[in-house]
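Subject: Structure handed over, with notes on what was found

Dear colleague,

I am passing on the structure we spoke about, and I would be grateful if you could look it over alongside the notes that follow.

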Amino acid sequence: MTDCVLIRPSTDDDVPAMLDIYRSHVHRGVDDLLGPEEEPFEVEDLKKRRKNMKKRRLPHLVAEIGGQVVGYAYAVPFRKRPAYRYTVKHSIYIHGGYLHAGIGRLLLPALIEACAAAGYLQMIGYIDATNQPSLRLHEACGFSRVGLLPSVGFKYGHWTDSVMMQRPLGPGDSAPPRPWEGTAPSPAPDSPPLSPAADPA
Ligand SMILES: CC(C)(COP(=O)(O)OP(=O)(O)OC[C@H]1O[C@@H](n2cnc3c(N)ncnc32)[C@H](O)[C@@H]1OP(=O)(O)O)[C@@H](O)C(=O)NCCC(=O)NCCS
């Protein structure tokens, strides 16, 4: 199945499909932030978020099979304060009908590559401690477990722990960072373009 997966930057046209994927996971109780009682995002919220991220050169990718969006992944700033400007945190969601088919193993490395190409140096994910598929995926993609946050969530009637996972990007902390140029760190001069096409939205 993974032969026919196309990974590309998301567009506004992908937003309804991304929301469907997101909502299906919220209802199955896997999302780290929302419980069933909370309102998930609406189309306009997600479009606004995409636009904002594009301006800041934060990657927002989809996986597509035969014209259907089957997954998406994106990175946001780890923290707003300037000291943390080289670090992103991310999320990834695969369509319920395409789980455990290797799509995460394509999409997450593409997101890692795009974040590195944009000049970010560390990447962090918070993963529900019971979410074995996500823990496995992240380990397979070079993330290490760097912390356990006990009882930070409450959903479906009980407290939940989060595992914090981290991996360096590009040179990581092996050298001082490149100069800060405003909304995002400048990419390395030889960094590859975000494949395969620029976001037409
Ligand atoms: C976590 C998620 C992104 C994984 O994506 P996926 O496309 O299903 O994963 P893949 O098929 O690429 O497999 C990735 C790894 O996870 C393992 N895995 C996938 N599904 C699994 C399952 N149900 N049980 C155990 N391991 C599983 C695979 O074996 C693989 O590990 P390996 O490379 O060591 O063999 C997907 O399950 C998902 O979208 N879940 C709901 C949303 C979510 O939890 N997002 C992450 C929030 S941090």
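Arg57 lies in the loop between α2 (43-55) and β2, and its phi is positive, near 60°, although it is a residue other than glycine.

Please keep in mind that this is a predicted model, in which local features need pLDDT of at least 70 and side-chain atom pairs count only at pLDDT 80 or more, whereas totals for chains, interfaces and linings use all residues. Residues are numbered from 1 along each chain as its sequence is written.

Overall fold

The chain has four helices and seven strands, where helices (H or I, at least four residues) and strands (E, at least two) are DSSP runs numbered from the N terminus. Along the sequence they follow the pattern β-α-α-β-β-β-α-β-α-β-β. The chain has 201 residues, of which 30% count as buried. Among contacts with a separation of 6 or more, 67% join residues 24 or more positions apart, a contact being two residues whose C-beta atoms, placed from the backbone, lie within 7 Å.

Nonpolar core

In soluble globular proteins, nonpolar side chains tend to be buried together. Here the largest nonpolar core has 37 residues, and those with the most contacts inside it include Leu61, Leu107 and Leu111; such a core is a set of buried Ala, Val, Leu, Ile, Met, Phe, Trp, Tyr and Cys residues joined through C-beta atoms within 7 Å. At least two residues of this core come from each of β1 (5-9), α1 (15-28), β2 (60-65), β3 (68-77), β4 and α3, and α3 gives the most, with nine residues.

Leu111, which is found in helix α3, counts as buried because it has 23 C-beta neighbours inside 10 Å. Not counting residues up to four places away in sequence, Leu111 touches Pro59, Leu61, Ala73, Ala75 and His90, while Leu107, with the corresponding exclusion of residues up to four places away, touches Ile7, Leu61, Ala63, Gly71, Ala73 and Ile92. Leu111 and Ile7 are 104 residues apart in sequence and 9.4 Å apart in space, C-alpha to C-alpha.

Surroundings of the ligand

There are 23 residues around the ligand, and Ile94, Gly104, Arg105, Pro133 and Arg136 come nearest; a residue is taken to be near a molecule if its C-beta atom, placed from the backbone, lies within 6 Å of it. By class, this shell has eleven nonpolar, nine polar and three charged residues, with Ala, Val, Leu, Ile, Met, Phe, Trp, Tyr, Cys and Pro counted as nonpolar, Asp, Glu, Lys and Arg as charged, and the others, Gly among them, as polar. At least two residues of the shell are supplied by each of β4 (87-94), α3 (104-117), β5 (122-128) and α4 (132-140), and the largest share, six residues, comes from α4.

In α4, Ser134, Leu137 and His138 are buried. Seen down the axis of α4, these buried residues fall within an arc of 95°, so they line one face of the helix, the arc being that of the directions from the helix axis to the C-beta atoms. The face turned away from the buried side of α4 carries the exposed residues Gln132 and Ala140, and what covers the buried residues includes α3, β5 and β7 (158-168).

β5 pairs with β4 in the parallel sense over three bridges, where two strands are said to pair if DSSP finds at least two bridges between them.

Tyr156, in the loop between β6 (144-155) and β7, has a positive phi near 50° and is a residue other than glycine. Tyr156 is exposed, because 9 other C-beta atoms lie within 10 Å.

With best wishes

Technical notes:
A residue is buried if 20 or more other C-beta atoms lie within 10 Å of its own, exposed if 12 or fewer, and partly exposed in between; C-beta atoms are placed from the backbone.
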